[in-house]
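Please find below a short note for a reader who is new to this entry. The points are numbered and may be read alongside the coordinates.

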Amino acid sequence: QVQLVESGGGLVQAGGFLKLSCAASGNIFSIDTMGWFRQAPGKQRELVATVTSAGGTDYSDSVKDRVTISRDNAKNTVYLRMYSLKPEDTAVYYCKAEVRSGMFRAYETHWGQGTQVTVSS
């Protein structure tokens with residue numbers, strides 16, 4: 001079993017800052033890509049940012065100037081720093097990780113339960 005636990009969400013005023021964290025635990029041999037996605041009410045889940053085990057990053061065009069993704073491989077943790085938050089950033093933010101539970105096992109996709117981010121105007 002693999003668990004992803006997000007933390008750091010909350011209510012913040014427009015222009016503010018939040019740092020989200022997601023820690024993976026359980027039966028983990030290695031983790032490939034980790035990332036953050038978000039889903040606003042009535043909308044589909046969308047990519048925010050991803051980071052590979054080697055540190056390569058990818059960002060959504062809508063947030064790339066305002067967020068930074070990073071990870072601590074020793075802690076199996078991925079972070080998302082969000083700056084200059086806007087009301088349209090309001091969503092549930094989900095962590096995703098591609099995890100391998102053994103040397104000869106395939107990578108499997110795991111999701112966290114999500115953390116609410118609300119940006120007030």
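1. Phe29, Met103 and Phe104 together form a nonpolar surface patch of about 410 Å². Such a patch joins nonpolar side chains (Val, Leu, Ile, Met, Phe, Trp, Tyr) within 5 Å, from residues with over 30% relative accessible area and no salt bridge, the latter being a side-chain nitrogen of Lys or Arg within 4 Å of a carboxyl oxygen of Asp or Glu. Areas come from the Shrake-Rupley method with a 1.4 Å probe.

2. This is a predicted model, in which local features need pLDDT of at least 70 and side-chain atom pairs count only at pLDDT 80 or more, while totals for chains, interfaces and linings use all residues. Residues are numbered from 1 along each chain as its sequence is written, and side-chain values use heavy atoms, without hydrogens and water.

3. Phe29 lies in the loop between strand S3 (18–26) and strand S4 (30–39). Its relative accessible area is 43%, so Phe29 is partly exposed (buried is under 20%, exposed over 50%, partly exposed in between).

4. The protein has 11 strands and 0 helices; strands are DSSP runs (E) of at least two residues, helices (H or I) of at least four.

5. Buried residues account for 40% of the 121 residues. The accessible surface of the protein is about 6500 Å², and carbon and sulfur atoms contribute 47% of that.

6. Among contacts (heavy atoms within 4.5 Å) between residues at least 6 apart in sequence, 56% link residues at least 24 apart. The C-alpha atoms fill a box of roughly 50 × 25 × 25 Å along the principal axes.

How values were computed: Patch = residues over 30% accessible without salt bridge, like charges linked within 9 Å, V, L, I, M, F, W, Y side chains within 5 Å. Buried < 20%, exposed > 50% of the residue type's maximum accessible area, 1.4 Å probe, protein only.
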